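Open the model in your viewer and keep the selection tool ready. The tour goes from one selection to the next.

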Amino acid sequence: MGNIGNEHQGRAEELGGHSEKPSTKLLKGAAVLGVAAILSKLLGTLQKIPLQNVAGDTAFGIYNAVYPLYILILFAATAGFPVAVSKFVAERAVVGDDKGANRIVYVSSGLLMGSGLVLFLLLYFGAGEIARWIGIMQTEKGIRSVSFALLLSPILAVLRGYFQGYQNMVPTAVSQVIEQLIRVITMVALLLYLVALSHDEEWIAAGATFGSVTGAGAGLVVMFLYWRKAQKQRLTKAVLEPSYERVDKVENKEISSWQWAKKITAYAIPVCLGAIVVPLLTLVDTFTMPRLLEASHGSEGEAMRQFGLYNRGLPLVQLVVMIASSMSAVLVPAIAEAKAKGQIELIRFRAEIAVRLSWLIGLGASFGLAFAAVPINIMLYKSSESSWTMAVLAFTALFSTMNAVSASVLQGAGAIRTPAKALFVAIVLKALGNVLLMPRWGIDGAALSAVIAYAAAAGLNLVQLRRSTGVRFALRPYAISPALGVGLMGVCLAALQVLAKPAVAAWLHVPERLCASAIAMVCVVGGAAVYGLALLRSGSISREELRLMPELDRKLKPVLAKLKRTKRGVDIPDEHT
């Protein structure tokens, strides 16, 4: 049996990636998707800047009203399937059942093609009615424009789940970057073209949303090329080694396509409910904030302007959440694999690493964005207006990160209902928070209600995670050491902004926006460096954990030597590495 198990592992590695120790592969996969997430989200953030600056606030508002609706429908239709596909593919890969893994792809593709077609028809022909529900008829063309993406995105989601099941994150990473790049190119090209022809804001916003269609098409082409390459490798191996497919027949029980469809759907639906928390909460804002703002300010124009100001901070928050989501994609198959093998300690270890890293990333990102809100705001949107709202909203990055990662760990461990329950609690709190806080504090109240909603969802997930996996949350690595790092980062960023702005303005005589841009970039790089070094110095991240990432460990070794660290983290048992 040991030889068979080794054969199975080798097959999964040949189809999914290189042979590596599990924890090393897990962290490297998270790093690959993390970098891809940063690149793709940066591209997505950058595309909104020319849209606002060139087309104006009205087109920007229409886009922000349409896009959350599309994301909600897309997530509702597909979000659970990459997770479900990766879980079942990982289980098939463990026993060497590559044919079974392919069958999961075919069944899932059929399901999602059908649902995508239905949703496309509903969105395209129901665009006028949806626009009336939103209360902005100018969104109708944008809704029709983006509906075509629902014909392409479902298959893209299935193929990503397949490779994630083999813990090969490179295809997903490459396709994410290409998808976002083509989307941005399309949006900018159509923006310039439609503005040059003097089209109205409704058509310009529709052109911006059409980038999602071309982006999905490009991502699908990339994933199909990786899929074809993987299938050629499997067939070649089967020809060279006739015993390659032997275990498939022995260990793959006869399960009909209908049974597979029911299993995949049953697992995917609760995951979908947990995954749509961010777009659904955003949609709560779409249907509540403009009306509440209009009641407070007395005019629809000012209400839409305030809504636009509120949305300034969301792309930066979503950038952090994307990094967390990339880690989540790695966690589900990795933890499902450990569970299938009955390795309880490995499940606990991987869960602890994931939760702690997401906490440290989210905490540093939230405080860093809050400290540097003013220069970042001016850099991206030309003015410092609503910087306090951006600073408050920054803390949703911490709690939404924790929510995303803890939900994925729970899903991998089989506890798939808790994230869905947390979703409903968060939605209720967000809606109530808007109604109660916005009349007094406006968009600041909406930002505060978002923080409360995300914190509640994350808290519920973490409580269940502790019960399910035995994860421990020690005070020092989660509170004391990160607090020192955040405090040091805050002092450095405050001093940098106080001293750098007059110095740059006096010596270089540059415009305010360029000056703020330089300060913002220095704050981002400098703040991350200070915070990261503080974590290393305090022991929040140990050398043993760094050794799981050889490249990073090699680069940081000279720095750590200069810091003269005297304490080391807890050793990781050999069986966990």
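The stops below cover cores, a helix, a surface patch, aromatic rings, salt bridges and cysteines. Note that this is a predicted model.

**Stop 1: the cores**

Select Leu369, Ile376, Leu380, Met390, Leu465 and Tyr531. These residues have the most contacts inside the largest nonpolar core, which has 43 residues. Now colour the helices that give two or more residues to this core: H16 (314-340), H17 (344-371), H18 (373-381), H19 (387-393), H20 (396-412), H22 (443-469), H23 (475-508) and H24 (512-538). Which helix gives the most? H17 does, with 7 residues.

Next, pick Phe60, Tyr63, Phe120 and Leu150. They are among the 33 residues of a second, separate core.

**Stop 2: helix H18**

Go back to H18. It is mostly covered, with 8 of its 9 residues buried. The buried set is Ala373, Pro375, Ile376, Asn377, Ile378, Met379, Leu380 and Tyr381. Step on to lysine 382, which follows H18. Its phi is positive, near 80°.

**Stop 3: a nonpolar patch**

Show the surface and select Leu117, Leu121, Phe125, Phe148, Leu151 and Phe210. Together they make a nonpolar surface patch of about 550 Å². Centre on phenylalanine 210, in the loop between helix H10 (201-209) and helix H11 (211-240). Its relative accessible area is 31%, so it counts as partly exposed. Phenylalanine 125, another member of the patch, is exposed at 63% relative accessibility.

**Stop 4: aromatic rings**

How many aromatic pairs does the model contain? The count comes to 10. Tyrosine 124 is partly exposed, at 27% relative accessibility.

Then select tyrosine 162 and tryptophan 227. Their ring centres are 4.9 Å apart and the planes stand at 70°, so this pair is edge-to-face. Tyrosine 162 belongs to helix H8 (residues 153-165) and tryptophan 227 to helix H11; the two are 65 residues apart and link distant parts of the chain. Are these two residues buried or exposed? Both are buried.

**Stop 5: salt bridges**

The structure holds 4 salt bridges.

- Select glutamate 140 and arginine 144. Their side chains meet at 2.8 Å, N to O. Both sit in helix H7 (residues 140-147), 4 residues apart, about one turn of the helix. Arginine 144 is partly exposed, at 27% relative accessibility.
- Move to lysine 141 and glutamate 202, a salt bridge of 3.4 Å, N to O. Lysine 141 is in helix H7 and glutamate 202 in helix H10, so the bridge ties together parts 61 residues apart in sequence. Lysine 141 is partly exposed at 27%, whereas glutamate 202 is buried at 15%.
- Finish with aspartate 285 and lysine 430, at 3.0 Å, N to O. They lie in helix H14 (residues 277-297) and helix H21 (residues 417-441), so this pair ties together parts 145 residues apart in sequence. Both aspartate 285 and lysine 430 are buried.

**Stop 6: two cysteines**

Select cysteine 515 and cysteine 523. Cysteine 515 is buried, at 4% relative accessibility. Cysteine 523 is buried too, at 3%. How many disulfides are there in the model? The count comes to 0.

Key:
Residues are numbered from 1 along each chain as its sequence is written. Side-chain values use heavy atoms; hydrogens and water are left out. A nonpolar core is a set of buried Ala, Val, Leu, Ile, Met, Phe, Trp, Tyr and Cys residues joined through side-chain atoms within 4.5 Å. Buried means under 20% relative accessible area, exposed over 50%, partly exposed in between (1.4 Å probe, protein chains only). A disulfide is a pair of cysteine sulfur atoms within 2.5 Å. Patches are made of residues with over 30% relative accessible area and no salt bridge: like charges are joined within 9 Å, nonpolar side chains (Val, Leu, Ile, Met, Phe, Trp, Tyr) within 5 Å. Accessible areas come from the Shrake-Rupley method with a 1.4 Å probe; for residues, only the protein chains shown count as cover. Rings of Phe, Tyr and Trp (its six-membered ring) pair if their centres lie within 6.5 Å; planes under 30 degrees apart count as stacked, over 60 as edge-to-face and the rest as tilted.
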